[in-house]
Amino acid sequence: MSHIPAELRYAPSHEWVRKEADGTLTIGISDHAQALLGDLVFVETPEVGAHLDAGGACAVVESVKAASDVYAPVAGEVVAVNEQLADSPELVNGDAYGDGWLFRVKPADAAAVEALMDADAYAAHLEAEG
Amino acid sequence: MTLRRTTLHATHEAAGARMVDFAGWSMPVHYGSQIDEHHAVRRQAGMFDVSHMTVVDVDGPGARDYLRHLLANDVDKLKAAGRALYSCMLNPEGGVLDDLITYRRADGYRVVVNAATRDKDLAWMRDVAARLSGTLAPVAIRERDDLDMIAVQGPAARDLCLPLLPESLRAPAEALTPFTATEDGDWFVARTGYTGEDGFEVILPATATPSFWQALAAAGVRPIGLGARDTLRLEAGMNLYGTDMDEQITPLESGLGWTVAWTPADRDFIGRQALERQQADGGHRRLVGLVLEGRGVLRGHMSVSAGEAGQGETTSGSFSPTLGVSIALARVPADAGERVTVDIRGKLVPAKVVKPPFVRHGKALIDL
């Protein structure tokens, strides 16, 4: 069973979102997603300053096996990216919800995050996906 | 469709393997970390359950002449029992039906073919034998479903494996030179593999498989899944059938020209005329290695631009755990130069053309 922190929000495409004190949102991929992908060898993060549309492909995570798109859970502007992933993509495998974060956005609509799944709903979503 | 299972299926599941459908078989893709498994084989020793591959014994007084017609390489190169030969089996158009290893035995031959091509291969082999039945002494083609196969590979593989073989095989197996084999009863040990490392491929009776596997594990040999098998063989510059070549592609376009035995000129093997025509015409595409110079990961079926020489395509690509960069095999125009660009999801990324293998015996063979 994969780890699903209760304080985060989740998108059906397996991104997680954490609300920071300054109103920005930190985004990564879930423990379930990293486990499915296997050992990551390359992460392409968006550019700082880029404007993301909700649901748009904005980053790529690649394992030895395959490449997978990461979708923006909400619309907004990228304010930071995890520079460490350029040299250490395996951080996503080791600490998906911590050091393995991907990027941070200033949301276009602060309330949009509330429409995402909470931990229980995401657990049920994983169950349904089998 | 129900997936076929090898003798070790439950053992793999108990070891935490992630099982996937591979050519109709439920096989382990990794047991936790594909990269750790890859390094274990390069640095120490790993074992692969390759029992999904098919062992076919070809016997009878017509076996030699039959195989000399069936295969693009010449089994007459096998001067003594125990020698092994890598070959392609071609259709009349020169396309590759499969790649396989043939071992000469005391009274016949043993052929090991790919799992994905099992049914097609056996049907073809029987068809060819039937077609020749009037002109050739009898040939018996026998699929050995009673046998399993375990590959033990890595710098420590032979030392760890030898004491676990049946007593009668230990000394002969220790004395094997690369690409030779020895056997006793239903145990067959070959110093061959698909990783670029030293080691053995052991064909054994299915009844002996679980205890042999457990003994190897107890000796410190790690189980390795198909994921690492793929990155290991790619680094070793070894083709994967169905990915790097198929029925539409000839050995000359697959980096396998060296496996075609042109002499003696009067040996009539299937596909010979087509290959001779292609060779005479020249200008055919060739399979090369690529090392990615920019960021990203090469995969199969990415478009390769060789400038004025034209376009090509990657056939296999991955991240190379040993080299720490992305590598690929690619089919490119005959006169492609040393630099190409690869279209990675819309971005043109530069890559260097190299001659595989990329890695052999744990060491990089290319300049990065």
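Visitor: Which strands close into a barrel, and in what order?

Guide: Strands of a sheet pair through backbone hydrogen bonds, either parallel or antiparallel. Here six strands of chain B close into a barrel in the order E14-E17-E16-E15-E18-E19, with antiparallel pairing. From one strand to the next, the twist averages 40°. Strands are DSSP runs (E, at least two residues; helices are H or I, at least four), numbered from the N terminus, and two strands pair if DSSP finds at least two bridges between them.

Visitor: How should I take the model and its numbering?

Guide: The model is predicted: local features need pLDDT of at least 70, side-chain atom pairs count only at pLDDT 80 or more, and totals for chains, interfaces and linings use all residues. Residues are numbered from 1 along each chain as its sequence is written, while chains are lettered from A and ligands numbered from 1 in the order in which they are written.

Visitor: How many bridges pair E16 with E17 in chain B?

Guide: Seven bridges pair E16 (residues 311–320) with E17 (residues 325–332) in the antiparallel sense.

Visitor: Which strands form a hairpin with two residues between them?

Guide: E1(B) and E2(B) do, and Ala23(B) in the turn has a positive phi of about 50°. Five bridges join E1 (residues 18–22) to E2 (residues 25–30) of chain B, running antiparallel. Val20(B) stands opposite Met27(B) in E2(B).

Methods:
Axes fitted to C-alpha atoms, helices over the stretch in contact; angles between N-to-C directions.
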